[in-house]
Amino acid sequence: SDRHPRRETFRSFLVSRGGGVAARRFFWCGHFLQNTMTHPATRLDYFLDTYQFTSTATVLEVIPGTEEQKGLVTVVLDQTIFHPQGGGQPSDVGTMKASSGAAFEVTKASLDQAVGIVNHTGTFANDSTFSSGDKVDLEINGVTRAHYARLHSAGHLLDLALVQSGYNFEPSKGYHFPNSPYVEYFGSIPVNERETCKNLVQQKMDELIAADLPTRVRMVPYAQLEDVCFGSLPPNLPKGKPRRVISFGDFPGCMCGGTHVPSTKALKECPITKLKKKGKAFRISYSIKADS
Ligand SMILES: [Zn+2]
């Protein structure tokens with residue numbers, strides 16, 4: 001088949017940012033400028049360990065909820081273990097607690113990509129609140145984190161198995177939520193080839209899982225990125241910056257800011273459930289076995 005340039009899969013916008021990016025944040029309340037705090041980029045501790053479910057951090061700012069946000073409050077920290085929703089991977093949920101007794105339930109974390117700041121959105125218990133400078137204990141829901149890491153990593157594995165099966169499509173989208181996850185590509189596979197393709201890719205995935213390949217996560221200098229990422233880079237990728245790349249064993253990988261399993265064996269079984277033309281894209285749906 002034709003070789004298409006492979007764009008960054010899944011996490012195009014979530015690649016690592018260097019620290020210290022200053023952000024000027026404006027929050028309007030009515031006609032009055034309420035807040036003009038400047039913060040450095042949030043240190044992303046979930047990059048270091050998928051299975052670190054607790055940590056401590058310092059509160060940089062508590063931003064009151066607007067009416068549009070239905071009263072949801074946003075907390076900004078200096079560092080976080082909360083993986084923000086993005087790249088097709090759901091947000092972590094969990095709690096923050098201060099020694100004052102103040103407690104905050106995080107229902108969603110999101111990354112402000114322009115400035116590298118993670119916004120933790122949720123509600124305080126019993127009208128409590130944090131002050132800037134407070135030390136807080138963070139705890140994410142480890143069950144959902146581990147499950148999301150498996151779901152997301154399975155997407156990477158399917159991607160690799162597809163290439164190993166001779167289909168070098170350009171990836172267009174990844175969706176790694178618990179309800180019918182999938183990866184999508186530009187291109188198509190003829191209807192009468194799909195069953196063969198599905199069986200072949202499934203066989204490759206099973207082999208990769210049985211081989212128990214370690215997941216490699218590393219910062220790759222720009223000059224080596226193309227080699228490491230299946231031989232091509234997205235044309236709009238800013239040049240010169242090292243990027244976080246995830247791969248299995250010594251196989252090529254892709255730029256990613258997500259959380260991953262330690263090795264392919266942790267994926268257990270990932271049955272491909274459906275191959276389907278979807279608009280201009282070709283969708284391959286998969287599932288994972290329940291956590292044991
Ligand atoms: Zn990933």
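Biologist: How many residues does H1 have, and how far does it reach from its first C-alpha to its last?
Modeller: H1 has 23 residues and spans 33 Å between those end C-alphas, close to the 33 Å expected at 1.5 Å a residue. The expected span of a helix is 1.5 Å times one less than its number of residues. Helices (H or I, at least four residues) and strands (E, at least two) are DSSP runs, numbered from the N terminus.

Biologist: Before we go on, what sort of model is this?
Modeller: It's a predicted model, where local features need pLDDT of at least 70 and side-chain atom pairs count only at pLDDT 80 or more, while totals for chains, interfaces and linings use all residues. Residues are numbered from 1 along each chain as its sequence is written, and side-chain values use heavy atoms, with hydrogens and water left out.

Biologist: Back to H1, then. How many of its residues are buried?
Modeller: 19 of the 23 residues of H1 are buried, so the helix is largely enclosed by the rest of the structure. Buried means under 20% relative accessible area, exposed means over 50%, and partly exposed is in between (1.4 Å probe, protein chains only).

Biologist: What goes on at the start of H1?
Modeller: There, a side-chain oxygen of Asn141 comes to within 3.0 Å of the backbone nitrogen of Val143. That's a polar contact: a pair of N or O atoms within 3.5 Å, where within protein one must be able to donate a hydrogen and the other to accept it, and residues adjacent in sequence count only if both atoms are side-chain atoms.

Biologist: And which residue follows H1?
Modeller: Gly166 follows H1, with a positive phi near 95 degrees.

Biologist: New topic: which residues are the protein donors of the zinc ion?
Modeller: His152 (NE2), His156 (NE2), Cys256 (SG) and His260 (NE2), lying 1.9 to 2.1 Å from the zinc ion. Donors are N, O and S atoms within 2.8 Å of the metal (3.2 Å for Na, K and Ca); water is not among the atoms, so sites may look incomplete.

Biologist: What is the arrangement of the four donor atoms?
Modeller: Tetrahedral, because the angles they subtend around the zinc ion are 105 to 117 degrees. For four donors, tetrahedral needs all angles between 85 and 135 degrees; four count as square planar and six as octahedral if opposite donors are over 155 degrees apart and all others between 65 and 115, and anything else is irregular.

Biologist: How are the donor residues spaced in sequence?
Modeller: The spacing is H-x3-H-x99-C-x3-H. His152 lies in helix H1 (residues 142–164) and His260 in the loop between strand E17 (254–255) and strand E18 (272–278), so the pair ties together parts that are 108 residues apart in sequence.

Biologist: Is His152 buried or exposed?
Modeller: His152 is buried, at 0% relative accessible area. His260 is buried too, at 5%, and Cys256 counts as buried at 0%.

Biologist: What about rings? How many aromatic pairs are there?
Modeller: The count is nine aromatic pairs. Rings of Phe, Tyr and Trp (its six-membered ring) pair if their centres lie within 6.5 Å; planes under 30 degrees apart count as stacked, over 60 as edge-to-face and the rest as tilted. One of the pairs is Tyr51 with Phe53, edge-to-face at 6.4 Å centre to centre and 70 degrees between the planes. Tyr51 is partly exposed at 35%, and Phe53 is partly exposed at 27%.

Biologist: Which residues do ring pairs link into a cluster?
Modeller: Phe104, Phe124 and Phe130. The rings of Phe124 and Phe130 have centres 4.8 Å apart and planes at 80 degrees, so that pair is edge-to-face. Phe124 counts as buried at 16%, and Phe130 is buried at 4%.

Biologist: Last one: what is the phi of Asn126?
Modeller: Near 50 degrees, a positive value in a residue other than glycine. Asn126 sits in the loop between strand E11 (117–124) and strand E12 (135–140), and is exposed at 75% relative accessible area. Phe230 isn't a glycine either, and has a positive phi of about 60 degrees; Phe230 is buried, at 12%.
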